[in-house]
Amino acid sequence: MAMTTDIKKGLAINFKNGTWLVIEAQFVNPGKGGAFTRAKIRNLKSNQVIEYTFKAGESVEEAEINRRKCQYMYNDGANFYFMDNDTYEQFSLPSDVIGTDKRFLIDGISCYAMHIDGVPTSIELPPKMDFKVVTTTPGIKGDTATGGSKDATIETGATIKVPLFVKEGDMIKINTEDGSYVSKAN
Amino acid sequence: MIYDKQTAIERSKLTKSLRSFFEKEKFLEVETPIMVRIPGMEPHLNVFETTLITPNKKTKLFLNHSPELQMKKLLGANFGNIFTLTKTFRNGEIGGNFHNPEFTMLEWYRIKADYKNLMKDCENLIKTLAGKSQITYQNHKIDLKAPWEKLSCEELFQKYCKISLDQNRTFKQLKKTAEKNNFDTKFCKDWDDIFFKIFLNHIEPHLGKQKPTFVYDYPSTQAALAKKSSKNPFFAERFELYIGGVEIANAFSELTDSKEQKTRLIEEQKLRKKLKKTIFDIDGEFLASLESIQQNCAGIALGVDRLFMILMDKKNIDETLLFPLNKILN
């Protein structure tokens with residue numbers, strides 16, 4: 001089994017009798033101490049998220065996972081349905097496994113399915129995705145009450161904060177991790 | 001990038017009220033440099049370097065990671081109570097919710113005082129900034145009424161891990177006791193590594209949840225510029241303030257014994273060499289100015305962006321900054 005000391009975002013590890021995906025890794029020097037990596041990890045089966053702080057240089061066992069390209073098709077509320085791009089096989093994942101990623105899923109969108117032992121267990125969105133702004137109020141010059149941003153609804157139905165210059169019909173780039181506006185997409 | 005004007009307005013108000021607090025307390029505001037020739041010796045910190053180029057010479061300079069050496073030089077020059085609000089820099093730390101490589105640091109130093117006086121200052125300052133006796137941070141109510149919770153490192157290790165630090169003073173002892181209690185000590189190379197691995201995973205998440213918590217009397221191995229406790233020199237008169245699980249400030253009863261300080265700096269310099277970090281000179285002027293500090297004094301460094309993040313109820317420090325590096329690099 002491969003070992004690594006490079007604990008970083010996107011890495012799958014075997015830890016505490018499970019397979020976990022590192023969803024956040026922060027390098028810290030606490031108080032007067034040495035270097036540590038503070039990680040947020042998500043269990044790929046139960047979706048449970050925990051925090052664990054590793055000593056810098058600590059090696060962990062890399063998990064064998066397979067990232068396969070797939071396409072989102074539809075959902076029935078309880079389950080979300082996808083199709084594998086190579087095999088055309090369909091599979092579903094329960095709504096709570098998809099979590100907050102559902103706000104960025106529209107029919108036909110491409111993403112990755114994470115397979116453990118050949119079974120799709122969760123999905124991963126591209127870190128940045130482009131979406132069309134469906135509705136937003138016109139930005140008013142010199143409007144100080146809104147503080148430089150306003151709400152916009154994108155084609156998936158999700159509402160996000162955008163700068164005042166964004167208009168209806170614009171394509172914008174969104175950070176899918178925290179749902180924040182990145183830039184105009186061109 | 002979204003430039004949120006409302007956040008900028010709130011920040012500006014907080015900064016004004018912070019300055020007026022110290023003005024009322026009769027502190028002198030001083031400006032400390034961003035570029036220095038000799039930064040503090042903290043063994044584990046990584047610094048940013050730059051070069052001053054003049055026609056005949058190149059001089060290596062560093063971006064300050066703390067204004068503490070300069071502040072103590074001013075104490076030695078008899079400045080009395082002083083504070084500074086400055087930018088500080090740490091290399092090698094990025095990601096997560098609570099850190100930007102460039103951050104705003106508030107440091108204040110009180111004469112005729114020890115670290116207990118600074119705990120009172122923290123209570124008064126933060127209550128004043130909040131403007132109310134209870135705040136909500138990420139759906140948790142935090143009670144700001146004084147006195148705040150005070151727990152020593154020894155008490156915390158006993159409470160959450162059933163381990164006595166005082167009874168396990170060597171690496172071998174602490175490792176054995178920790179492993180007996182099922183704590184993971186893998187890859188820990190010294191006593192402090194075990195301390196931090198347990199502290200970060202099993203203690204820190206509990207701190208400052210209902211009330212802000214002062215964690216005090218840290219092991220002397222992590223004393224830096226702090227005076228050792230007269231009651232038990234295994235520990236040093238140092239505290240950290242936690243609010244909502246986040247470390248906000250670090251304070252000392254200042255060590256003014258220049259001999260002991262010199263010994264510590266030499267040891268820390270050696271450790272930096274061993275850890276393959278940039279080596280700094282020992283600041284002779286700093287050591288000399290300690291000798292002219294006549295009274296007991298205490299000093300504290302407070303992460304302003306982190307405090308504002310909590311007072312403004314923001315999840316991520318980036319939301320308190322107009323130009324967070326995390327977003328710019330993204």
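Helices (H or I, at least four residues) and strands (E, at least two) are taken as DSSP runs and numbered from the N terminus. The model shown in all views is predicted.

**View 1. Overall build of chain A.** Chain A contains 1 helix and 16 strands. Its C-alpha atoms occupy a box of roughly 55 × 50 × 30 Å along the principal axes. Of the 186 residues of chain A, 25% are classed as buried. Among contacts in chain A with a separation of 6 or more, residues 24 or more positions apart account for 44%.

**View 2. Domains of chain A.** The domain assignment divides chain A into domain 1 (3–62), domain 2 (65–124) and domain 3 (129–184). The centres of domain 1 and domain 2 of chain A, taken over C-alpha atoms, are separated by 24 Å. To the contact between these two, domain 1 of chain A contributes 5 residues and domain 2 of chain A contributes 8 residues. The side of domain 1 of chain A that touches domain 2 of chain A consists, by class, of 2 nonpolar, 2 polar and 1 charged residues.

**View 3. Overall build of chain B.** Chain B comprises 10 helices and 13 strands. The radius of gyration of chain B is 20 Å, close to the 20 Å given by the globule rule for 330 residues, so chain B is as compact as a globular protein of that length. The C-alpha trace of chain B extends over about 55 × 55 × 45 Å along its principal axes. Buried residues make up 42% of the 330 residues of chain B. Where contacts in chain B link residues at least 6 apart in sequence, 67% of them join residues at least 24 apart.

**View 4. An open sheet in chain B.** Three elements form this sheet of 3 strands, which has the order β2-β4-β3 (chain B) and antiparallel pairing. Strands β2 (35–36) and β3 (49–54) of chain B lie at the edges; each has a single partner strand, so one side of each is left without a neighbour in the sheet. β3(B) and β4 (residues 57–63) of chain B run antiparallel and are joined by 6 bridges. Within this sheet, T51(B) has K60(B) of β4(B) as its bridge partner.

**View 5. Contact between chains A and B.** In this interface, 27 residues of chain B are in contact with 26 residues of chain A. On the side of chain B that touches chain A, the elements giving two or more residues are α1 (5–24) and α6 (191–203) of chain B. The greatest contribution to that side comes from α6(B), with 6 residues. By class, the side of chain B that touches chain A holds 9 nonpolar, 9 polar and 9 charged residues.

View 6. In soluble globular proteins, nonpolar side chains tend to be buried together. The largest nonpolar core has 87 residues, of which L106(B), V215(B), F239(B), L241(B), A249(B), A251(B) and L302(B) touch the most other members. Helix α6(B) supplies the largest share of this core, 7 residues. A second, separate core of 18 residues includes L105(A), M129(A), I154(A) and I172(A).

**View 7. Surroundings of V215(B).** V215(B) is one of the residues that touch the most other members of the largest nonpolar core. With neighbours within four places in sequence left aside, V215(B) is in contact with L151(B), C153(B), L156(B), L207(B), F239(B), E240(B) and Y242(B).

Notes
Residues are numbered from 1 along each chain as its sequence is written. Chains are lettered from A and ligands numbered from 1 in the order in which they are written. This is a predicted model: local features need pLDDT of at least 70, side-chain atom pairs count only at pLDDT 80 or more; totals for chains, interfaces and linings use all residues. Two strands pair if DSSP finds at least two bridges between them. Two residues are in contact if their C-beta atoms, placed from the backbone, lie within 7 Å. Ala, Val, Leu, Ile, Met, Phe, Trp, Tyr, Cys and Pro count as nonpolar, Asp, Glu, Lys and Arg as charged, and the others, Gly among them, as polar. A nonpolar core is a set of buried Ala, Val, Leu, Ile, Met, Phe, Trp, Tyr and Cys residues joined through C-beta atoms within 7 Å. A residue is buried if 20 or more other C-beta atoms lie within 10 Å of its own, exposed if 12 or fewer, and partly exposed in between; C-beta atoms are placed from the backbone. Domain bounds come from an automatic or database domain assignment. The radius of gyration is taken over C-alpha atoms; the globule rule is 2.2 Å times the number of residues to the power 0.38.
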